[in-house]
Amino acid sequence: MVPEGVSLTGLSAAQLAAKLAAEEVSSREAVDAHLDRIAATDGGTPDGDVWAAPPADELGPDHVHAFLRVTAQAARDHADDIDRRRVAGEELGPLAGVPLALKDVLTMRGAPTTCGSKMLDGWIPPYDATVTELLREADIVVLGKTNMDEFAMGSSTENSAFGDTRNPWDLDRVPGGSSGGSAAAVAALQAPLSIGTDTGGSIRQPAALTGLVGAKPTYGTVSRRGLVAFASSLDQAGPFARTVEDAARLQTVIQRHDPRDSTSVTDRPPDLLEHLHDGVDGLRIGVVRELQGEGYEPGVEQTFQVALERFAALGAEIVEVSLPHAPYGLPAYYLIAPSECSSNLARFDGVRYGNRVDAPTAEEMNAATRAAGFGPEVKRRIMIGTHALSSGYYDAYYLQASKVRTLIAQDFRAAFETADVLVSPTSPSVAFGLATKTADPIAMYLNDVATVPASLAGIPALSLPAGLAEAPDAPGSALPVGLQVMAPLLRDDLMYRAAWAFEQDLDFAPLPTGPRAVGGAA
Amino acid sequence: MSLSADEVRHVARLARLALSDDEVTDLAPQLSGILGYAEQVGEVAAEDVTPTVHPFAPQDVTRPDDPRPSLPREDILASAPEVEQDRFAVPRIVAEEG
């Protein structure tokens, strides 16, 4: 049932899909309603075929700025085509006609892909990412490309070359990152679904900070082809949604073996929807000793403890588990990810794509192009990675970190012998203020402390809302807190099942509230 | 470890990044701080541990060796900053002979 007074933008993807299938509403109407919502809340000028967000210095204080580019006409055309085929009796997929926002790190033929970087400003990719192909095959309508930390490096979306994205719950705070635009779009009701990418927490942490469900699937189950690479052994695309079921449905669409991605695996998790509603009675839920305590805000800790009581009341067995090497996860990550970044980003050399700064010799041209094209955080990580991989340092840094990675994966395997799924807070803090952590790289990196271990082990992990808590710097505030659920490799189904049971019990309303929440009726 | 300004310039050369003097000044303490933090991995005894680069054991994936079209050349060259005779064009790589 559609609640009284809730317009099309307030519906979950499943609710909207049901209305579309019943022909109570057309895909074109759904797309237009979301384009109107974007125009009202995001800034930018919705004229013409595509519209680009305004320059960073022209962004208003009440704008979310989730999108870098809205491909309005292409979305309308796609919706019209779906509507025609539905009327003609063609069998369509379960999410056909539902709009979606796509992170600007995945290519979409004919529209610019910037990765939030000046380096790629103006680049139009000649092919669709496999994820984009699968979305189109499912007749999901892409509304546009969302803002992100440059090349997915960051935890606040403040590293974008095209301005900050703001948190719909409090427009003076960050939405998390690096997939902050995809998170903010769904939280601001600009789209019921979006795609982000997660290397060390870049889906889960923004989901936590914006009151959404965001999942990193088992590594290798979603193709990386057309996902501009940051750290190839960790990067994985996944869904954002306002409900657990919506996220499971979207993940189902994008997970498929891809012969064009050499790290794609042929295995699939069991059906994500079949046992979604089975509950947690008798399920063993492991609390990770190392992923709580010092460094976590009191409001986050308290909300997490209440979440454990809720799981217990639902019949789950709460057990304590230890991941002894988890404290080394973040240091290992900040060697592995920059090392792979320095190698991957070598391709931006001013020769085959992207921008060029002219210079007399090829080497000077490469160096000048990269100096002008990359922002400070990307330069820092390239430098760390280049140093860590350079002669004499490889064994102590990248190799040692890769061994720690093995030990963390072993810790998880041992923990999953006594627990079916593991839980922790997703992020040590609620959404923090714009510009409060940009001066201290390590303070920013600590956002990933609870999400990085699952990334290193490749296991599936999601964040879902656990409730609201006060920010330490704003007495009386109420901001979303994320609960992380982790499952063994290829048991994404179990992760969703535990999350669904918790979600039904909590009855969290994913509609931003508060004095600085995004304006306008849903 | 602590990186000196000269070491930062050396790494920047390896990374093909033309850093300004101000950037070098800023980066030296930042990189030293990050590396100091990351060096905690050295506390773990891991001599006999096999490193992990992919969470799954390596799989051999094969496909039929059927010829398929690649992307059209003009689509690829359209992205390039400079093209000459259907090729990517770059500034001089080898110095002129004296």
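Where is the place of Asp411(A)? Asp411(A) sits in helix H12 of chain A, residues 395-418; helices here are DSSP runs of H or I with at least four residues, strands are runs of E with at least two, and both are numbered from the N terminus.

Before I go on, a word about what we have on screen. This is a predicted model, where local features need a pLDDT of at least 70, side-chain atom pairs count only at pLDDT 80 or more, and totals for chains, interfaces and linings use all residues. Residues are numbered from 1 along each chain as its sequence is written, and chains are lettered from A and ligands numbered from 1 in the order in which they are written.

Okay, back to Asp411(A). Is Asp411(A) buried or exposed? Asp411(A) counts as buried because 21 C-beta neighbours fall inside 10 Å. The cut-offs are 20 or more other C-beta atoms within 10 Å for buried, 12 or fewer for exposed, and anything in between for partly exposed, with C-beta atoms placed from the backbone. Leaving out neighbours within four places in sequence, Asp411(A) is in contact with Leu323(A), Pro324(A), His325(A) and Ala326(A). Contact means that the C-beta atoms, placed from the backbone, lie within 7 Å. Leu479(A) is 68 residues from Asp411(A) along the chain, and their C-alpha atoms are 32 Å apart.

Next, the core. The largest nonpolar core has 173 residues, a core being a set of buried Ala, Val, Leu, Ile, Met, Phe, Trp, Tyr and Cys residues joined through C-beta atoms within 7 Å. Our helix H12(A) gives the most to this core, nine residues. Among the residues with the most contacts inside the core are Leu100(A), Val485(A) and Ala499(A). Not counting residues up to four places away in sequence, Ala499(A) touches Val244(A), Leu462(A), Leu464(A) and Val485(A).

The axes of H7(A), residues 244-254, and H15(A), residues 492-506, come within 9 Å and cross at roughly 160°. The axes are lines fitted to C-alpha atoms, for helices over the stretch in contact, with angles from 0 to 180 degrees between N-to-C directions. So H7(A) is roughly antiparallel to H15(A), the label for angles over 145 degrees. On the H7(A) side the contact uses Val244(A), Glu245(A), Ala248(A) and Gln251(A), and on the H15(A) side Asp492(A), Tyr496(A), Ala499(A), Trp500(A) and Glu503(A).

Most residues other than glycine have a negative phi, and most peptide bonds are trans. Ala435(A), though, has a positive phi near 70°, in the loop between S10 and H13 of chain A. Ala435(A) counts as exposed because it has 12 C-beta neighbours inside 10 Å. Asp507(A) has a positive phi too, about 55°, and lies in the segment after H15 of chain A. The peptide bond from Gly177(A) to Ser178(A) is cis, with omega near 10°.

Last stop, chain B. How many residues of chain B are in contact with chain A? There are 44, touching 59 residues of chain A. H2(B) supplies the largest share of that side of chain B, eight residues. As for confidence, chain B averages a pLDDT of 91, pLDDT being the predictor's per-residue confidence from 0 to 100. The complex as a whole gets an ipTM of 0.94 and a pTM of 0.96 from the predictor.

Notes:
Angles under 35 degrees count as roughly parallel, over 145 as roughly antiparallel, 65 to 115 as roughly perpendicular and the rest as oblique. Two residues are in contact if their C-beta atoms, placed from the backbone, lie within 7 Å.
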